[in-house]
Amino acid sequence: MPYTYDDQNIFAKILRGEIPNTTVLETDHSLAFRDIEPQAPEHVLVIPKGAYVTYDHFANTASDAEILDFTRAVGKVCDMLGVAPSDGEGYRMISNAGENGVQDVPHLHVHVLGGRNMGRMVAKAGS
Ligand code: 5GP
């Protein structure tokens with residue numbers, strides 16, 4: 001079933017400039033900004049400017065230019081934050097999707113988290 005994009009979601013409002021954000025990087029097709037409730041010393045959200053709900057939606061339907069721009073933006077953010085293992089201590093990248101992924105904002109975003117040990121990837125069932 002095709003995705004339906006809700007243009008009233010909070011990240012759509014950020015992209016339209018209706019809500020302020022702390023921008024880390026802006027490119028032709030992507031925006032990176034600090035999470036309002038950081039879960040780690042470094043917590044940046046990277047989003048495409050296009051109307052995509054989830055990573056699979058983006059990966060399956062975005063243009064090559066958007067995918068290239070977004071992928072490079074994530075890499076640049078890791079460099080800017082100094083979390084890339086090549087010269088930093090590493091990071092966790094997360095993209096939640098849908099109900100089981102516990103996605104709150106229905107506009108594709110990847111969380112880039114660093115500055116502390118992130119622990120195991122997911123909690124074990126029942127814990
Ligand atoms: P999700 O659960 O959808 O993967 O994550 C949504 C993220 O968006 C959360 O980490 C939340 O703190 C962040 N967030 C929600 N509203 C705002 C906002 O208005 N500004 C910013 N910068 N982050 C937000």
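A polar contact here is a pair of N or O atoms within 3.5 Å; within protein, one must be able to donate a hydrogen and the other to accept it, and residues adjacent in sequence count only if both atoms are side-chain atoms. This is a predicted model, where local features need pLDDT of at least 70, side-chain atom pairs count only at pLDDT 80 or more, and totals for chains, interfaces and linings use all residues. Residues are numbered from 1 along each chain as its sequence is written, and side-chain values use heavy atoms, with hydrogens and water left out.

Start with the ligand's oxygen atoms. A polar backbone atom of V105 lies 3.0 Å from a ligand oxygen. For V102, a backbone N or O atom is 3.5 Å from an oxygen of the ligand. N96 uses its side chain: a polar atom there is 2.8 Å from a ligand oxygen. On its own the ligand has 520 Å² of accessible area (Shrake-Rupley method, 1.4 Å probe), and the protein covers 84% of this.

Now look at the shell. Around the ligand are 16 residues, each with a heavy atom within 4 Å of it. D35, N96, D104, H109 and H111 come nearest. By class, the shell has 8 nonpolar, 4 polar and 4 charged residues. Here Ala, Val, Leu, Ile, Met, Phe, Trp, Tyr, Cys and Pro count as nonpolar, Asp, Glu, Lys and Arg as charged, and the others, Gly among them, as polar.

A pocket is an open set of points on a 1 Å grid over the protein atoms alone, where a 1.4 Å probe fits, with protein on both sides within 12 Å along at least five of seven lines; lining residues have an atom within 4 Å of a point. The largest pocket holds about 680 Å³ of space. Its lining numbers 30 residues, and D35, E37, H43, L45 and H111 lie nearest the centre. That lining divides into 16 nonpolar, 8 polar and 6 charged residues. α1 gives the most to the lining, with 3 residues.

Terms used:
Grid points are joined across faces, edges and corners, and a volume is the space filled by probe spheres set on the points. Helices (H or I, at least four residues) and strands (E, at least two) are DSSP runs, numbered from the N terminus.
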